[in-house]
Amino acid sequence: MLDNSIFDSILKTGDNNSTIILDNLYTSLLEKSVEQWNIETLKSIESLTKTLCSSENIQIKQGILDNFLNKIVVPTFSRKVKINKKTKQAVHDIRIEVTNSLGYFMAKAFDEFGESLLIAILTKLYNNLNENLLSEYHKKFSTSELIKEINTNMFENVSQEKYEIIDNINCITLFNILKAFIEYINNEKYINYQNSILITLICYFSDINNSIRQLVMRNVTPTFFYNNQTKNKEWLKLIFNRIYDMFKYSKDLRPDSLSIIAKLFNNYMSIDEKNSEPLYDLRYENRLFEIIQAGLIEMDSLPRKFSVYLLKRIVDYSENHNENPNLIWPDLFNFNQNIAKECSACWSNFFLLYDMVQETYVHLVDPILPKFLEIIPTGKNESYELDISWILIILKRGFQNDAIAVRKRFVRFLIDIEDPNRLRILGSQFSFIFDSFLKVLDTASFYSVPGLGSFISPFGEALFHFTKRVVESFNNQEKKVN
């Protein structure tokens, strides 16, 4: 029950009916254990709490929100909650509901309620990081150095009562509460915590727990930027540097790395701001294209999808915006406005071919194959030509096709190329020739002929002549020997 002084204040405002109803709802709900709670009753409590929190009386707000915290939040996340096959879904739904409401209340009553809880949450997350700094990823990505950027002075003001409540809640739930809070916060004092929140999130990019890492990278961090009016290039740069290191270190980290870049693309490029220059222009970041290229040839479909999405966004942006005269195009991407039409045509063919090499029916592949010849560099150093590494990506994906007939058709088109300039370019890619190309050629069915076996093989003859043409395409005798 609310104490008498608060109750008298409510009576004066005419809100007594709502308060009595709220008190009765608490009584009804708390008669049962959490796993037996009626979620509609819980939602009614949350709705009335939101209404009563509109009061300008700080004492009333604190009393109502403390009631919610102690009567709802504490038991909801208690270790005493019985979770089994029958109650698992009900408890899950209740916890999601309470998590979102708590984040909302923290944001809407930041001065009276939310600030102290936010400090408690950040303290808990900070302490958890310190306990795990010796884990593989934290050591590799120097979290022990980055964590020093967190303003620990705020921890001196942590409420022990609030911290004890937060300490019983797991990190995944804390991040979900933080996400809900960030979605609704609109308070001038929040700016004092933004940097520490972001540094905390970036530190958790390298958490060994997949569920925590994915939640932070795919959901919480994008939410932080969606509801943030502060334009900070250093934040975006810090994220990109961490992402690049993670991507290069482990394939397991690639889907999350690509995901967050894709979700923050608008922030990097200032898409939502009219007539605004990109805060951090990704078109000139060669490391981004290294990440995209690696993602495009992943066996896992998720990195491939994110990579295609990012590359299409960059090409589309380049088609509709001017280049930056103060920056130099990187080795892997060029979209000079003087040859924008030619660049667009090359990238259109690239995307068409990339989609084509994943088809499993030869009749769908055949009409598109001639486009492949158009994007192979001729060696004339035309500025609109794609770097050879993009062509090798299409080849590698074609060699990974699930259908042997499509793989054979793709390889056969390649070895039928006669243009000496293009052959010389392809023949210079030694790592590709001696890795992906030789592996795909080691397919016995490529050489067999129905009824004749592999003793008389048109494919084998074509391969022989291809090899001969590649060698002959090198005019320099020294290159032939090498």
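Biologist: Why is Ser270 called buried?

Modeller: The relative accessible area of Ser270 is 8%. Buried means under 20% relative accessible area, exposed over 50%, and partly exposed in between (1.4 Å probe, protein chains only). Ser270 therefore counts as buried. This is a predicted model, in which local features need pLDDT of at least 70 and side-chain atom pairs count only at pLDDT 80 or more, while totals for chains, interfaces and linings use all residues. Residues are numbered from 1 along each chain as its sequence is written, and side-chain values use heavy atoms, with hydrogens and water left out.

Biologist: What makes the phi of Ser270 worth a remark, and where is this residue placed?

Modeller: Phi of Ser270 is near 55 degrees, a positive value in a residue other than glycine. Most residues other than glycine have a negative phi. Ser270 is placed in the loop between helix H15 (265–269) and H16; helices (H or I, at least four residues) and strands (E, at least two) are DSSP runs, numbered from the N terminus.

Biologist: What makes Glu298 a buried residue, and which residues does Glu298 touch?

Modeller: Its relative accessibility is 9%, so Glu298 counts as buried. Glu298 lies in the loop between helix H16 (286–296) and helix H17 (301–320). Leaving aside residues up to four places away in sequence, Glu298 touches Lys251, Arg254, Pro303, Arg304 and Arg397, where contact means heavy atoms within 4.5 Å.

Biologist: How do you know that the span of H17 is close to the expected one?

Modeller: The expected span of a helix is 1.5 Å times one less than its number of residues. H17 has 20 residues and reaches 29 Å from its first C-alpha to its last, close to the expected 28 Å. The buried residues of H17 include Pro303 and Arg304, and its buried residues pack against helix H14 (254–263), H15, H16, H18 and H21.

Biologist: What span does H18 have, and against which helices do its buried residues pack?

Modeller: Helix H18 (residues 340–356) has 17 residues and reaches 24 Å, close to the 24 Å expected. Among its buried residues are Cys343, Trp347, Phe350 and Tyr354. The buried residues of H18 pack against H16, H17, helix H19 (362–365), helix H20 (370–375), helix H21 (388–399) and helix H22 (404–415).

Biologist: How many helices and strands does the protein chain have, and why is the chain called more spread out than a compact globule?

Modeller: The protein chain has 26 helices and 0 strands. Its radius of gyration is 30 Å, well over the 23 Å that the globule rule gives for 482 residues, so the chain is more spread out than a compact globule. The radius of gyration is taken over C-alpha atoms, and the globule rule is 2.2 Å times the number of residues to the power 0.38. The C-alpha atoms fill a box of roughly 100 × 55 × 40 Å along the principal axes.

Biologist: Why is Thr19 called buried, and how many Å separate Thr19 from Asp245?

Modeller: Thr19 has a relative accessible area of 6%, so Thr19 is buried. Thr19, in helix H2 (residues 16–30), is 54 Å from Asp245, C-alpha to C-alpha.
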